Amino acid sequence: MPSRFDSLPQRRAIIDRRALADALAALEGTEPIALRGTATALLKAALDAGRAEIGRRLIEHPSRGLEIAAAQAFLVDQIVRLLHDFTTQRLYPAHNPTAAERLTIIAVGGYGRGEMAPYSDVDIGFLTPWKQTAWAERVIETMLYALWDLGLKVGHSSRSLDEMVRQAKADVTIRTALLEARYVWGDQTLYDEAAHRFKTEVQADTVRTFITEKLDERNARHKRMGDTRYAVEPNVKEAKGGLRDLHTLFWIGKYAYNVSEPGELVEAGLLSRAEYRQFNRAENFLWAVRCHLHSIARRAEDRLTFDMQTEIARRMRFADRPGKSKVERFMQYYFIQAKRVGDLTGVFLAHLDEKFAARGKRFGLPMLGRRSPRKLHGFTVDRGRLAIPADDFFQADPVRLIELFALADLHGMEVHPLTMRVAARDAKLVDDFRAAPRANALFLDVLTSPRDPETVLRWMNEAGVFGRFIPDFGRVVAQMQFDMYHHYTVDEHTIRAIGLLSRIENKTLDEDHPLASAVFAQIVSRRALYVAVLLHDIAKGRGGDHSVLGAEVAHRLCPRFGLTEAETETVAWLVRHHLLMSATAFKRDLSDFKTILDYAETVQSAERLRLLLLLTVVDIRAVGPGVWNSWKRQLLTALYESAEEVLRLGHKQKGREERIAAKQAALREALGWDETRFATLLKRMPDPYWVAEPDEVLVQNARLIERAGTAQLSIDTRPDIARGATLVTVYAADHPGLFYRIAGAISLAGGNIIDARIHTTRDGMALDNFVVQDPVGAPFDDETQLKRLRNGIEDALAARGRLVDKLLAKPLSRPRASAFPIAPNVLIENKASNRFTVIEVNARDRPALLHQLAHALFDSKVTIHSAHVATYGERAVDTFYLTDLTGDKIASTTKLRGIERRLLTAAQGETLRTAA
């Protein structure tokens, strides 16, 4: 029995094989099918009891991942052995077995390593010496049926020795599975022969090919999983920094050096003792997390989703700390382990490189094709990578820890993994040199590099030098943000944002960010901008407003970096206000001139406006894939251009009446209507309409009104791919509750309203413009979708069927959002607009939220003039511009309190009070 099982405590409490063997032997009967059924029932009871005991141990000792994984494999071993003996002795005994009637059972894959989570697949192989005999076929079939009856998910193969060798040579997946093959039961001599043939006929002289194939497989898997170990909902098994990466190291070590367990990697010289301890600690923790995942889900589940994170953090006894919840501390520890897996991989590959890589080539790393630079200040070059001449090189001058990365950036070179290992070991030496002007100048060179600062800063972070040199940054390393909006840890998000800024500067993102690319050429404070991107989230997790606290950090750090007093002030201002532009663009009405004036008054200068635009763009884009879209670009562009005009012209800009006249003239020209026809339209539309709507919407609205004629309802849907949304216009006879009914119908059709502007003509018709996206943030552009949308609105306004019943039947689109406690909040502002009362509602996002809030406002007897919806993962922020029924701001405190109460009730989702 493998040594891992030898160390397993109280094995008979998991399963008592002798007692079960006696019970099976005592079963009466001779009919195979009935006897198999009775035996399976006995084994099922034993399996359930064993799982319950392992589950109890997991709760009692929640961090013993490897022990629990071994216990699962031990339990399955005993079940398979008992089943084999019962099948070959009672059901189908071979009374005079020939040499061909031999069978051995091997465990492969994770089961072969002796590691299984509660609901892992049972991967077994049946080996026969030659072609399968009828006896072997019956035994294998009976055992498989019994294992399936036990509820196990079985991966199986049946091969002769020759087939095993042939298939292993042809398929690296089969070769890897057989590499981990472990004898379970059956003919020991046959197993020994199989192991010998695998080693001599498959493994021999194929080490380099195997290593290359496994690394290619690993790289493809990383790409499939998002190519980062800092995604906030990681796959514990398959993601970068997960268990599969550790397995890959072990497979390569076993194939190349014939190690039988991870501890032997030290003797092979692939890891130091300290590194093996890190390997073991990471593997133990990851296995614990995976076993908890399976246990909670009661099925095979390897994705560490938000709802799972909360429960596992509680099970593993993490506690809240000031500024950090238990789940954030648990996930920070997870990411630290994932980072260690990455460090070990680099060191491991470096050793393999030296021994197995072909001359001039390296495993998994591209050759840069550059000549070796001459001036390296004592550093050396090892096969195209930056290296150090001696083990104490950093100890002699700790500033070299920063210089290493500055040179890597300057010359476009990779850092040798063994040099990274020494840098990680000596990173603490930089503590005493943080204030050194030369060290800070070198760091600033890396941060503001015109080449590839993202890659080099990530290396610096991987080595632990980044967090040591800037302890404030060290506090956010591996720190997750427990919400559905942020996809990465704070440090990864920051480094990605710096990389995006560099790409915008280098004109490689012109198509995605045309305004940002054009603006970058005009900025003066380039250094300040890069430092602001570095520091914008540096104070997260401290229990206060991270923008305010981050500005304080900026005042402290910028002089150390060598920034001037003016640059320091700029950085601090940008960090303090880094959320201002997105909050204004996404949560306020940009057609309300007071919004633009207030924003411009805070920004105060054209340079700050440009800097804040760039910071806002990279901050949003670095949140994660799918967060940035063309609608957000449109809103930010509109805010930037409006504010730029105010800052440039001040109050000399066109007055309200002049702007309305200019829009009307442009509309008439676009429509080509005669004066009488156009005058009729002008008489019907109130002044606020002309201010609120952009020119292209005015054109579409005018044509819809003309087509509608005297009809009481007309609906127009226009997908706008450039803006990433669909404009839905409803022209109907105005009546109370129109807005909330339309909002409910759009929700039912699967649409998310992200913006809405509500108008009433002077002759009592409603003209409502909705900007709608599908659930993944794209425009509704399929004709079937659009037809369903139009029909839904018609049904809702005609009261065909109860809207409330349909909405209640609609399932939650994101049930995982329930993992986040979000207390609804209502903010009322009467100074944000000269004409409207502005109310902002924060709540957990869910289908029909806008519908419910709009219904609450209908109950409050107020008029909605516009609605603006922003979502941040599980959190929705809906902003309404309101007046009372006479068109005035709502001034009554009693009235405002009543509105607040109704909105809070609707935001909490306590009731869905909707008219039919």
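**Ground rules.** I worked with a predicted model, where local features need pLDDT of at least 70, side-chain atom pairs count only at pLDDT 80 or more, and totals for chains, interfaces and linings use all residues. Numbering starts from 1 along each chain as its sequence is written, and side-chain values use heavy atoms, with hydrogens and water left out.

**Strand β11.** I looked up residues 765-773 and found nine of nine buried (under 20% relative accessible area; exposed is over 50%, partly exposed in between; 1.4 Å probe, protein chains only). Strands here are DSSP runs of E, at least two residues, and helices are runs of H or I, at least four, numbered from the N terminus. Met765, Leu767, Asn769, Val771 and Gln773 point one way, while Ala766, Asp768, Phe770 and Val772 point the other.

**Its neighbours.** Strands pair if DSSP finds at least two bridges between them. β9 joins β11 antiparallel through eight bridges, and β10 also joins β11 antiparallel through eight. I saw Asp768 opposite Val730 and also opposite Ile758.

**Salt bridges.** My search of the whole structure gave 55 (a Lys or Arg side-chain nitrogen within 4 Å of an Asp or Glu carboxyl oxygen). Glu840 and Lys587 meet at 3.9 Å, N to O. Glu840 sits in β13 and Lys587 in α29, so this pair ties together parts 253 residues apart in sequence. Both Glu840 and Lys587 are buried.

Next I checked Arg757 and Glu693, which meet at 2.8 Å, N to O. Arg757 is in β10 and Glu693 in the loop between α35 and α36, 64 residues apart. Arg757 and Glu693 are both buried.
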